[in-house]
Amino acid sequence: MQGVLTGFAVIAVVIGVGYLLGLRGHLGPQGREVLTKLAFHVASPALLFTTLATADLSVVFSARLLVTALSTVAVAGAFVAVGVVRGWGLGRTTIGALCSGYVNSGNLGIPIAVYVLGDASLVAPVLLFQLVLVTPVAVTILDLSRGGAGGTLWRRLLTPLRNPIALGSLAGVAVAASGLEVPDAVMDPVTLIGNMSVPAVLLAFGIGLCGSTMPLRGVERRPVLLAVALKAVGQPAVAWALASGVFGLRGPQLLDVVVTSALPAAQNLYTYASTYGVGERLARDAILVSTVVSVPVLVGVAAVLG
């Protein structure tokens, strides 16, 4: 249980620092916006590139990845179906779908994988799936939803190549697939820049909480409740059913996929929402509430399956 609590404590402290910065106004009125743009346009693409450029792409053929992919599609599809019926709009529904199935596999998933599962590499399948496929697709949809890729069909198809997040992911995969070794003179500064990503995202999230109303209120209450229910309960339940009933996983392998599926929504989703100016409160509240709710869920999963 120490790993669960340690991972959440680290995130809470950095978000708290961001909240204090916002409360005291040390970064000025544009502090959150600057951090968000820094993370989206510079630091996060660098982090995605360095992470994927040295990754073992063979994990894409594992049963763990199939469980992750299917459970993500299931809960995201459920949110999309409700969003279409309720008329929540393409951009807002996309953010909600991400909050329903895009787990915090990096800054929270890695420490939990180390302390609970005993191996940081066990989070690699979900990390790769989200970086290689989910992120480029989602940001492309968000680009299209705001008309940023209007014009010819050819221009729309090239939307991912104009997005820094997608470019960072695709470039990293290309390097890993080719087997090229990036010189230290290139990789070291890119790594240094990428190391700013997680702190910038968490600090921006903390600043965004300053002066905000309590979660689960207002027009976003229902979308937030739906996203949190799908993320905290629906995704780990679907993952358990698929892993045990379809793929026959047992013991540590079953624990691995259920724990990673039970991780809360990732903080970088707030960066996407802020960058595209859609579903910001939905993302903020869903991330906050799912993070709180996931603590007892992860503890319960570790106790039952561990």
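User: Which residues have the most contacts inside the largest nonpolar core?
Analyst: This is a predicted model, where local features need pLDDT of at least 70, side-chain atom pairs count only at pLDDT 80 or more, and totals for chains, interfaces and linings use all residues. Residues are numbered from 1 along each chain as its sequence is written, and side-chain values use heavy atoms, with hydrogens and water left out. A nonpolar core is a set of buried Ala, Val, Leu, Ile, Met, Phe, Trp, Tyr and Cys residues joined through side-chain atoms within 4.5 Å, buried meaning under 20% relative accessible area with a 1.4 Å probe, protein chains only. The largest such core has 69 residues, and those with the most contacts inside it are Ile95, Tyr102, Leu269 and Tyr272.

User: Happy to start there! Which helix gives the most to this core?
Analyst: Helices here are DSSP runs of H or I, at least four residues, numbered from the N terminus. With 9 residues, the top contributor to the core is the helix spanning residues 124–145, α6.

User: What does Tyr272 touch?
Analyst: Contact means heavy atoms within 4.5 Å. Not counting residues up to four places away in sequence, Tyr272 touches Phe40, Leu98, Tyr102, Thr135, Leu142 and Ile165.

User: And is Thr271 buried or exposed?
Analyst: Thr271 sits in helix α13, residues 268–276. Leaving aside neighbours within four places in sequence, Thr271 is in contact with Thr36, Ala39, Phe40 and Val201. Its relative accessibility is 4%, so Thr271 counts as buried.

User: At what angle do α3 and α12 pack?
Analyst: Two packed helices are described by the angle between their axes and the distance between the axes. Axes are lines fitted to C-alpha atoms over the stretch in contact, and angles run from 0 to 180 degrees between N-to-C directions. For α3 (residues 63–86) and α12 (residues 251–261), the axes are 10 Å apart and the angle is about 35°.

User: Which residues make that contact?
Analyst: By class, the contact of α3 with α12 has 2 nonpolar, 3 polar and 2 charged residues. From α12 come Gln253, Asp256, Val257 and Ser261, and from α3 come Arg64, Val67 and Ser71.

User: Finally, what share of the protein chain is buried?
Analyst: The chain has 14 helices and 0 strands. Of its 306 residues, the buried share is 48%.

Terms used. Helix = DSSP H or I, 4+ residues; strand = E, 2+ residues; numbered from the N terminus. Buried < 20%, exposed > 50% of the residue type's maximum accessible area, 1.4 Å probe, protein only. Nonpolar A, V, L, I, M, F, W, Y, C, P; charged D, E, K, R; others polar.
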